[in-house]
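Subject: Structure handover

Hello,

Here is the structure we spoke about, with the sequence alongside. My notes on what turned up in it follow below.

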Amino acid sequence: MTEHSPSPDKKRSLTRRDYLRAASVAGISAAAFSGATTASGQTAAGTAEPTVYNVVEEGADPTGQEPIDPVLGRLEHDNAVLEFPNGRYKIQDFNMYGRENFTLRGIGDDVVLVPSEDYNRDYWLQGWHMRNFTFENFTIDNSATDCGPCISFGAHDNLLVRNVTKVGYHDTDSTAFGFYVLDEDGQGLVENLVMRDGSIPVAPVGVYTASTGKLVFRDCEIEGFGNNGLYASTGTGPIGVEGGVYKNNLRSQVRLGAPGSYVRDAEVVVDASPDKVREDWVPNYRGIRISDNPGPVTVENCEVKMLRGRGFGGIVNAFDGGSVTVRDTNIHVGADYLMYWNDDTAPAVYVDQPSDWEQSGQGGERLFENVSITGSGDAFGRNPVVLLFRGNNTFRNCCIQQTGTDRDGIETWNIDHEVTFFDEPTVVEDSTVNVPGDMANGSVDLQNCTASGTCPVPSGVDPMPDGHRAQVSLADVPIPGNSSRKTYPVMGTDDSNPTMRFYGNFVYPNTKEFVFGNLQHIIDEYVVTGRLNVEFRSVAYPTDHYLNSVPGEARLAKLAVGVWDKNNWENYWGVFEYLFANQGEFEWGTWEQDRDLLAAAGVERVEGWIPALVNEGEYDDEVLASREQAAADGLMYVPQLHLNGDLAGANWDTEKLMGWIDDRL
């Protein structure tokens, strides 16, 4: 069976981060909130052209010395735009209750609002029962000690908050931002809200909403808050999360539940300390949590990276959360992301036991489609990669790959940790489950699944677990003394050592994974100790082969053979490392491109000669012979290893692969 890996287009979609998409993608146009006027001088909502005030011209102090509340109070009325030039504006308490067609707008690139020393601790900036309200282009400065202002806006329709940055550590228990769309057919947009400085632990929420209408959060960044980053699960209206970064917020990064809610193109990260955040409180970091409502909720094209800290899942279906679909998403769980209640590595997906209302038949269903789950860690048989306390789960075309100790794949338990529970099945179909333990336990139906293969990882994630890097770099591997007589590149201490053939391809990500993964272990364990030599064969498939995906891959293979042939052999493996480290980032195919590529990789004096030889067909036979040898050895895909007449998947679990090599030496 071939390795489980999405198509090239799918791989690109799993890492794409299109944070500046047009507003129309969300079905909510920012123009609807902008106060644009028609030819007759009426606004889009049919009201009169708003009156525009420059608050400094109206008497507001832009130096931050005197509160501007009296000026705001005088100008605060319906159908008005209050514009703030660059400056620093001190506010004690500003309430915009019931305002219609009202805008607060910064008109410079450095417009700062700061709470006064005696600011209102309950609600600093607030407005309720508003219509057509806009708040945009401000920096909120709460960097003073014991300062954590609350900003809360509720509008029946057309709520727009845009380009707002909060700076300073939020060191009170209040919620930082609250946003509400009050009418069922109303809509709102929060765009480019940035708050990276975090809060004290446990109590403060980054953003809270309980909307009745639709509210979209686009390209927002919320980091380090003590009680959910985006807490948006309790209202009845759909919540959309589009793009953005949600990182190191206690309890959860994004929390949704209402029907029609979704997360798309977002980056969810936990890499926090697992230590207590307070003497009486152990941290609990979860990724995306489905809670408080029946759903359905959709998670699409996201990257969920649970690298360090404590919690129990990158995707968590809480006891009172219903249906969820997760598709085209990469989830990675690092060895140091520990279970909330023990020191085992936590699951990537956790579906909690149902609440009473769910036990009565309202438990919903879960679909995971085109989802990759990678990682490592120690489970000791207690924490599988996917832990399900509920039935009615489907995993379709998914890829699960784990290393470590006793890590099982997918398990279904009831609360007593027995292996049977609800009648609804859990089906895993057309998927890879490559784990060191059991593929599945409990009420799990495996259909057309394979136990080997490699899976895509989120961007910026090292596929190797921490602490498992090789001690010898590729550029420094030993070379046998007779290398000048070798047609193909080889590493090893002596020509008399057994030789393992490594088949790969410079353009395939799965080969790159091996180069910076299991190959590092092989070098440490076998190559530098003199137990094994490794010969590399770059397999360039013919154009009609099903694995052929990149035009010109044969030329790149010929260039690499030329480097071994014409460069000094001690330098080859450094060039090899460069080609894989920069895979997908360089061009080749013309003499000039090839010369520049080889020069950047460290080839000297012959960087132009090698492409010329390739043009003349100098290395055609060598590359063809590698393809023919691969066929003779029974190669089905790359990367694979050939030793003593047998083939192994190069990206097998590390311990399994090392045992395979040991058995053949």
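**Helix α5 against helix α11**

Helix α5 (residues 518–527) and helix α11 (residues 654–664) have axes that come within 11 Å of each other and cross at roughly 45°. That angle makes α5 oblique to α11. The crossing of these two helices, α5 and α11, is right-handed. On the α5 side the contact is made by N518, H521, I522, E525 and Y526, and on the α11 side by T654, L657, M658, I661 and D662. Sorted by type, the residues of this contact between α5 and α11 are five nonpolar, three polar and two charged. Please keep in mind throughout that this is a predicted model.

Two packed helices are described by the angle between their axes and the distance between the axes.

With α8: helix α6 (residues 553–566) packs on helix α8 (residues 591–601) at an angle of about 50°, and their axes are 12 Å apart. The two helices, α6 and α8, are therefore oblique to each other. In passing α8, α6 makes a right-handed crossing. The residues that meet are R555, L556, L559 and V563 in α6 and W591, D594, L597 and L598 in α8. This contact of α6 with α8 divides into six nonpolar residues, no polar ones and two charged.

With α7: here the angle between α6 and α7 is about 160°, with the axes 9 Å apart. Angles over 145 degrees count as roughly antiparallel, and α6 and α7 are therefore roughly antiparallel to each other. The crossing of α6 and α7 is right-handed. From α6, the residues A560, V563 and W564 meet Y572, W573 and V575 of α7. The contact of α6 with α7 consists of six nonpolar residues, with no polar and no charged ones.

**The five-stranded sheet**

There is an open sheet of five strands in the order β36-β38-β37-β39-β40, and its pairing is mixed. β36 (490–491) and β40 (646–649) are the edge strands, each pairing on one side only. Within the sheet, strand β37 (residues 499–504) and strand β38 (residues 533–538) run parallel and are joined by six bridges. R501 stands opposite E535 in β38.

Helix α7 also has a place here. Helix α7 (residues 572–581) lies across β36, β37 and β38, and runs at about 50° to β38.

**The disulfide**

A disulfide is a covalent bond between the sulfur atoms of two cysteines. How many are there in this model? The count comes to one disulfide. It joins C399 to C455, with an S to S distance of 2.0 Å. The link of C399 and C455 is left-handed, with -75° about the S-S bond. C399 lies in strand β30 (residues 399–405), and C455 in the loop between β35 (444–447) and β36, so the pair ties together parts that are 56 residues apart in sequence.

**Backbone points to check by eye**

- The peptide bond from G295 to P296 is cis, and omega is near 5°. P296 lies in the loop between β21 (288–290) and β22 (297–300).
- V638 and P639 are also joined by a cis peptide bond, with omega about 0°. P639 is found in the loop between α10 (620–632) and β39 (640–643).
- N158 has a phi near 55°, which is a positive value in a residue other than glycine. N158 is placed in strand β9 (residues 151–167).

Regards

Conventions: Residues are numbered from 1 along each chain as its sequence is written. This is a predicted model: local features need pLDDT of at least 70, side-chain atom pairs count only at pLDDT 80 or more; totals for chains, interfaces and linings use all residues. Side-chain values use heavy atoms; hydrogens and water are left out. Axes are lines fitted to C-alpha atoms, for helices over the stretch in contact, and angles run from 0 to 180 degrees between N-to-C directions. Helices (H or I, at least four residues) and strands (E, at least two) are DSSP runs, numbered from the N terminus. Angles under 35 degrees count as roughly parallel, over 145 as roughly antiparallel, 65 to 115 as roughly perpendicular and the rest as oblique. A crossing is left-handed if the near helix is turned anticlockwise from the far one by less than a right angle, and right-handed if clockwise. Contact means heavy atoms within 4.5 Å. Ala, Val, Leu, Ile, Met, Phe, Trp, Tyr, Cys and Pro count as nonpolar, Asp, Glu, Lys and Arg as charged, and the others, Gly among them, as polar. Two strands pair if DSSP finds at least two bridges between them. A disulfide is a pair of cysteine sulfur atoms within 2.5 Å.
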